[in-house]
Amino acid sequence: MIETTPVERVGAVAADAFLQQYKAVAQPVILEELTREWPARERWTADYFRKVAGDAVVPLYDSRPACGNEHQHAASLHMPLAEYLDRLAEGERDLRLFFFNLFAARPALARDFEFPEIGLRLFRKLPVLFMGGKDARVQMHFDIDRPDILLCHFGGPKRVLLVSPEYTSYMYHVPFSFSALAAVDFEDPDYDRHPGLRHVRGHLAELRHGDALYIPPGFWHYVLYDDISFSMALRAFPRDLPNAARMLTNILVTRTVEGTMRKLIGQPWNDRNERRAVERTERFLGRHHKP
């Protein structure tokens, strides 16, 4: 794995302390006590989700990069949640439930948690779920809307590799996307093929059942599922001008250009951007890290 330091773990923390010590300085942290009083801490298992929402049809995503005219974030297939959970139990390792508002389909699930008083103005209409099986992976990316994120984790262990946006120029960022080049391996980096990774320093969060991980705005993240698990993301949209401006640019300009060009040009557009991800990183290295 690229060079990392462990994410700090803390117990109970007051809102003022959280804002000063973590949000203000964009420092990831694992909050061990944030979900302690939630019913979800006791209830959220595969069997529970199968019982209360097993017939809900959910979108699932795999690790195959979008090709041709395919939408960059199109689901691979849809199936009832119970069937998906059965597949996870049987060893499914690629299909993932991603950014799905299951609470809209099953409002009773909202009684299993409460929005924490941590100093963030959390967007209350969009708590979203993520699920995956043992050995599933999520490509390195950052969130288009640049939110503060509380990733509340349940089930088996999961690791999250976090990288500050200050390292973006080394990350082989694919133009007009919010992802790193799929061929770049952050777990077992090939420094000869992707020398930019030599200069990247990250944070590694090892999440256990009940933990809540704070992810600051703009942070890259790569997710490793070490067992079947479920995470719920609570989000606070940016209120400072720089992050709000980047959010609007991402949504109104970058995403629009990407979608339009995929439809008009297809795979040559994708190939161009992948080449440019390498070329831009190599140019940056040439300017700032001359032999």
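**Entry 1: Phe176**

I looked up Phe176 and found that it counts as partly exposed, at 28% relative accessibility. For this I took buried as under 20% relative accessible area, exposed as over 50%, and partly exposed as in between, with a 1.4 Å probe and protein chains only. Phe176 is in the loop between β10 and β11. Its phi is near 60°, a positive value in a residue other than glycine. I note for background that most residues other than glycine have a negative phi.

The model is a predicted one: local features need pLDDT of at least 70, side-chain atom pairs count only at pLDDT 80 or more, and totals for chains, interfaces and linings use all residues. Residues are numbered from 1 along each chain as its sequence is written, and side-chain values use heavy atoms, with hydrogens and water left out.

I then checked Tyr172, which lies in the loop between β10 and β11. Its phi is near 55°, again a positive value in a residue other than glycine. Is Tyr172 buried or exposed? I read 1% relative accessibility for Tyr172, so it counts as buried.

Ser164 also belongs to the loop between β10 and β11 (202–207). At 11% relative accessibility, I put Ser164 down as buried. Apart from neighbours within four places in sequence, Ser164 is in contact with Phe219 and Trp220. Contact here means heavy atoms within 4.5 Å.

**Entry 2: Trp269**

I found Trp269 in helix α7 (residues 267–288). Trp269 has 6% relative accessibility and counts as buried. Setting aside neighbours within four places in sequence, I listed its contacts as Phe176, Val257, Glu258, Met261 and Arg262. I also looked up the spacing of Trp269 and Glu258: they are 11 residues apart in sequence, and their C-alpha atoms are 8.9 Å apart in space.

**Entry 3: the chain as a whole**

Helices (H or I, at least four residues) and strands (E, at least two) are DSSP runs, numbered from the N terminus. Along the principal axes, the C-alpha atoms fill a box of roughly 55 × 45 × 35 Å.

Of the 291 residues, 48% are buried. Among contacts with a separation of 6 or more, I noted that 82% come from residues 24 or more positions apart.

**Entry 4: strand β13**

I turned to β13 (residues 220–225) and asked how many of its six residues are buried. Six of the six are, so the strand is largely enclosed by the rest of the structure. Trp220, Tyr222 and Leu224 point one way, while His221, Val223 and Tyr225 point the other way. In a regular strand the side chains alternate between the two faces of the sheet.

Which way do β8 (residues 137–141) and β13 run, parallel or antiparallel? They run antiparallel, joined by three bridges. Val138 stands opposite Val223 in β13. Strand β10 (residues 158–163) is also antiparallel to β13, with six bridges between them. The bridge partner of Val160 in β13 is Val223. I used the rule that two strands pair if DSSP finds at least two bridges between them.

**Entry 5: the nine-strand sheet**

I traced an open sheet of nine strands in the order β2-β3-β12-β9-β14-β7-β6-β4-β5, with mixed pairing. At the edges stand β2 (9–10) and β5 (77–80), each with a single partner strand, so one side of each is left without a neighbour in the sheet. I also checked β7 (residues 128–132) and β14 (residues 229–236), which pair in the antiparallel sense over five bridges. Val128 has Ala233 as its bridge partner in β14.

**Entry 6: Leu60**

I ended with Leu60, found in strand β4 (residues 57–61). Leu60 is buried, with a relative accessible area of 0%. Beyond neighbours within four places in sequence, its contacts include Ala75, Leu77, Tyr84 and Leu95. Leu60 and Ala89 are 29 residues apart along the chain, and I read 16 Å between their C-alpha atoms.
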